[in-house]
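These are my notebook entries on a structure that I am reading for the first time. I set down what I looked up and what I found.

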Amino acid sequence: MTGDEEGRPRATGGCLCGSVRFEVHGPLRDVLICHCQFCQRMHTHVGAYAACAVSDLKITSARTLRWYRSSPGARRAFCRACGSALFWEPTPLTHISISAGSLNRPTGLKVKEHIFLAQKGDYYPAPCSAG
């Protein structure tokens, strides 16, 4: 998806129930697949996140959006109505990560890399690599 000079968003998305909606008005980083323990708990497996500049994200409906401080270095956002995991923010705030599954298609994104593979679930087949 690409935006144009008239202010149309580059991407749009939201939660499963539609209570939280957002637009991205700038470039999106390709997707990181995160295998950390926090993503395993939040997503029940891995987290898949694109990212953008904080100023490029416009939340157009936030009725049920809730933030949770998951660690001293980050907070995560989810929809309290349907449970969709939506955003991840580092502290200090340098960008905002957007759950790739919450973006409307077509995204035009690709998987950039896998991170925190040392924390991957013990149920993965061996060997598991980022290929």
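**Entry 1. A charge over a ring.** I began with a definition: a charge sits over a ring if NZ of Lys or CZ of Arg is within 6 Å of the ring centre and within 35 degrees of the ring normal. The model is predicted, so I note that local features need pLDDT of at least 70 and side-chain atom pairs count only at pLDDT 80 or more, while totals for chains, interfaces and linings use all residues. Residues are numbered from 1 along each chain as its sequence is written, and side-chain values use heavy atoms, with hydrogens and water left out. I then found that Arg75 lies over the face of Trp67, at 3.8 Å from the ring centre.

**Entry 2. Salt bridges.** Side chains of opposite charge can pair when their charged atoms come close. I applied the rule that a salt bridge is a side-chain nitrogen of Lys or Arg within 4 Å of a carboxyl oxygen of Asp or Glu. The count by this rule is one salt bridge. Arg75 forms a salt bridge with Glu89, and their closest N and O atoms are 2.7 Å apart. The two partners come from distant parts of the chain, 14 residues apart: Arg75 belongs to strand S7 (residues 74–79) and Glu89 to strand S8 (residues 85–90). Helices (H or I, at least four residues) and strands (E, at least two) are DSSP runs, numbered from the N terminus.

I next looked up accessibility, where buried means under 20% relative accessible area, exposed over 50%, and partly exposed in between (1.4 Å probe, protein chains only). Arg75 counts as partly exposed because its relative accessibility is 27%. Glu89 counts as buried because its value is 10%.

**Entry 3. Aromatic pairs.** Rings of Phe, Tyr and Trp (its six-membered ring) pair if their centres lie within 6.5 Å; planes under 30 degrees apart count as stacked, over 60 as edge-to-face and the rest as tilted. I recorded three aromatic pairs by this rule. Phe22 and Phe87 are edge-to-face, because their ring centres are 5.3 Å apart and their planes stand at 65 degrees.

Trp67 and Phe87 form a stacked pair, because the centres are 6.2 Å apart and the planes are at 20 degrees. Here too distant parts of the chain are linked: Trp67 is in strand S6 (residues 65–71) and Phe87 in strand S8, 20 residues apart. Trp67 is partly exposed, because its relative accessibility is 29%; Phe87 is buried, because its relative accessibility is 0%. Ring pairs join Phe22, Trp67 and Phe87 into a cluster.

**Entry 4. The nonpolar core.** I defined a nonpolar core as a set of buried Ala, Val, Leu, Ile, Met, Phe, Trp, Tyr and Cys residues joined through side-chain atoms within 4.5 Å. The largest such core has 23 residues, and Val24, Leu28, Leu57, Phe87, Ile98 and Leu103 have the most contacts inside it. At least two core residues come from each of S2, strand S3 (29–34), strand S4 (47–52), S7, S8 and strand S9 (96–99). S2 gives the largest share, three residues.

Contact here means heavy atoms within 4.5 Å. Leaving out residues up to four places away in sequence, I found that Ile98 touches residues including Phe22, Val24, Leu57, Phe87 and Leu103. On the same terms, Phe87 touches residues including Phe22, Trp67, Arg75 and Ile98.

**Entry 5. Ile33.** Ile33 has its place in strand S3 and counts as buried because its relative accessibility is 11%. Its contacts, not counting residues up to four places away in sequence, include Val46, Val111 and Ile115. Ile33 and Leu117 are 84 residues apart along the chain, and their C-alpha atoms are separated by 9.4 Å.

**Entry 6. Cysteines.** How many disulfides does a search of the whole structure find? A disulfide is a pair of cysteine sulfur atoms within 2.5 Å, and the search finds zero. The sulfur closest to that of Cys36 is in Cys34, 3.5 Å away, which is too far for a bond. Cys36 is buried, with a relative accessible area of 7%. For Cys82 the closest cysteine sulfur is in Cys79, at 3.7 Å, again too far for a bond. Cys82 counts as partly exposed because its relative accessibility is 27%.
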